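Please look through the sequence and the structure shown here before reading on.

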Amino acid sequence: MKVPAVVAVFASTLVVVGIAQQGPADAIKSADHYVRVTSTVPSIAGQIANIYVRERVRAVGAAAPAADRVVLFVHGAGTPAEVAFDASAPGYSWMAYLAAAGFDVFSMDTTGYGRSTRPAPMNDPCNLSPEQQKQFVPSLIAAPCAAPYPSQLTNIASDWNDIDGVVDYIRALRKVDKVSLVAWSLGGPRAGGYAAQHPAKVRSMVLLAPAYNRAADAAAPALPRAGVAFNTQSRAEFVANWDRQVGCTGQFEPAVRDAVWSDMVASDPVGATWGTGVRRAPSTTTWGWNAAMAAATKIPALIIAGVHDKQVTPERVRPLYDDLGSSQKALIDLGCSSHNAMWEKNRLLMFKASLDWLTTGAVGQAKAGIIRMGYPAASAAHARGLLREARLQFVQ
């Protein structure tokens with residue numbers, strides 16, 4: 001079913017960092033959970049993996065979240081969820097924003113990320129690509145070496161298995177039938193593919209820069225697939241990757257980037273000791289989340305594409321909007337934003353849009369179509385009004 005285009009424009013000229021505190025500093029609490037999952041990762045198949053889950057929710061004494069206000073965040077290819085969605089910089093936690101609005105908010109790290117189980121091959125720098133090994137000569141290895149585990153480490157099915165374990169844990173913990181999913185980048189195939197296969201467990205989706213491939217193979221290849229087991233990212237690589245996606249003045253605050261990198265290194269105590277400090281992430285074999293699977297997906301979905309994103313370009317995101325079988329879908333064209341939109345100046349417009357979608361199934365008054373947001377507008381007063389509305393929701 002083709003959805004008629006509904007175009008809405010949201011201004012962001014005056015959206016800047018420095019969000020004021022709203023309410024007491026302890027209004028949002030954190031809780032850590034570890035979910036035991038029987039792993040399907042080839043190198044540890046059949047063993048128990050501990051999946052780290054972070055929760056942000058209103059402090060004791062607030063009303064319990066309603067059944068339709070339970071959400072799970074799913075991360076992308078490199079950055080663990082607690083860094084991507086719960087950054088320590090004040091005013092930059094997407095999780096805290098939704099928690100302040102009355103949601104019970106969870107995030108999870110799939111196997112190989114953050115504080116979840118990391119398979120043993122990730123501890124051996126010889127399993128990096130020869131080019132990346134050179135970064136650690138001679139601090140960790142004397143010279144480039146042959147990989148003891150010459151295969152990609154995780155795969156989309158093992159990620160779906162991890163997600164299913166966490167979703168079932170949350171459903172039982174909160175006594176709900178369904179959760180909503182918010183995902184970023186490779187989290188698109190992770191969350192979107194999971195939702196397509198488990199529609200009875202998923203209420204709604206918000207997908208930022210989803211790494212969609214409408215021509216992806218429907219069936220899994222032989223596993224594990226030959227390749228590099230994992231990769232690393234240094235601070236210099238993190239900075240360079242972000243800098244190449246800057247397309248407007250004041251797109252982000254340098255201090256926020258410093259805070260995010262500190263969070264990143266803190267999430268990987270082993271990687272922090274390699275060279276000047278790196279974050280490690282497994283290589284993931286993907287398949288399945290293609291045009292046919294998207295067409296069969298009827299779950300309401302909000303999709304977001306940053307105009308300056310060079311990792312998952314807007315041209316790559318639009319086909320997912322076209323292919324989704326849901327009659328309730330919208331695509332935000334987010335101005336002055338990169339792949340790292342949740343850490344940039346227009347994040348509050350995106351946060352507010354996600355809140356609208358998860359609570360009303362619309363962004364403002366727009367229930368479907370293409371929504372332009374975050375571009376300069378003629379009315380500064382309109383921009384100030386939108387910022388006020390977004391700020392009122394935020395408690396850090």
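Predicted model: local features only at pLDDT ≥ 70, side-chain atom pairs only at ≥ 80, totals over all residues.

Strand β4 (residues 70-74), by contrast, runs parallel to β5 and is joined to it by 5 bridges, with Val 71 standing opposite Val 105.

Strand β7 (residues 179-184) is largely enclosed by the rest of the structure, because 6 of its 6 residues are buried. Val 179, Leu 181 and Ala 183 are buried on one side of β7, and Ser 180, Val 182 and Trp 184 are buried on the other, so that both faces are covered.

Beyond β7 comes strand β8 (residues 202-208), which runs parallel to β7 and is joined to it by 5 bridges. In this pairing Trp 184 stands opposite Leu 208.

## The nonpolar cores

The largest nonpolar core has 96 residues, and among these Trp 94, Leu 98 and Trp 343 touch the most other members. Helix α10 (residues 347-360) gives the largest share of this core, with 8 residues. Apart from this core lies another, of 9 residues, which include Leu 128, Phe 230, Trp 274 and Val 278.

What does Leu 98 contact, once its neighbours within four places in sequence are left aside? Its contacts are Val 71, Phe 73, Phe 103, Val 105, Ser 354, Leu 355 and Leu 358.

## The largest pocket

The largest pocket has a volume of about 290 Å³ and is lined by 20 residues, of which Gly 78, Trp 184, Ser 185, Gln 311 and His 339 lie nearest its centre. By class, the lining consists of 9 nonpolar, 9 polar and 2 charged residues, and helix α6 (residues 235-243) provides the largest share of it, with 3 residues.

Val 317 lies in helix α9 (residues 314-323) and is buried, with a relative accessible area of 0%. Leaving aside neighbours within four places in sequence, Val 317 is in contact with Ala 209, Pro 210, Ile 303, Ile 304, Ala 305, Val 312 and Leu 331. The C-alpha atoms of Val 317 and Ala 211 are separated by 7.2 Å, although these residues are 106 residues apart along the chain.

Gln 132, which lies in helix α3 (residues 130-133), counts as buried because its relative accessibility of 13% is under 20%. With neighbours within four places again left aside, Gln 132 is in contact with Phe 230, Asn 231 and Thr 232, and Phe 230 is one of the members of the 9-residue core.

## Backbone features in the loops

Most residues other than glycine have a negative phi, and most peptide bonds are trans. Lys 175, in the loop between α4 (156-174) and β7, has a positive phi of about 55° although it is not a glycine, and Ser 185, in the loop between β7 and α5 (187-197), has a positive phi of about 60°. Lys 175 counts as exposed at 73% relative accessibility, whereas Ser 185 is buried, with a relative accessible area of 10%.

The peptide bond from Val 137 to Pro 138 is cis, with omega near 0°, and Pro 138 lies in the loop between α3 and β6 (154-155). A cis peptide bond also joins Leu 223 and Pro 224, the latter being found in the loop between β8 and β9 (230-234).

## The chain as a whole

The secondary structure of the protein chain comes to 11 helices and 14 strands, and of its 396 residues 58% count as buried. Among contacts between residues at least 6 apart in sequence, 80% join residues at least 24 apart.

Key
Residues numbered from 1 in each chain as written. Heavy atoms only, no water. Pairing = 2+ DSSP bridges. Helix = DSSP H or I, 4+ residues; strand = E, 2+ residues; numbered from the N terminus. 1 Å grid on protein atoms, 1.4 Å probe; cavity = no way out; pocket = protein on both sides within 12 Å on 5 of 7 lines; lining within 4 Å. Points joined across faces, edges and corners; volume = space filled by probe spheres on them. Nonpolar A, V, L, I, M, F, W, Y, C, P; charged D, E, K, R; others polar. Core = buried A, V, L, I, M, F, W, Y, C linked by side-chain atoms within 4.5 Å. Buried < 20%, exposed > 50% of the residue type's maximum accessible area, 1.4 Å probe, protein only. Contact = heavy atoms within 4.5 Å.
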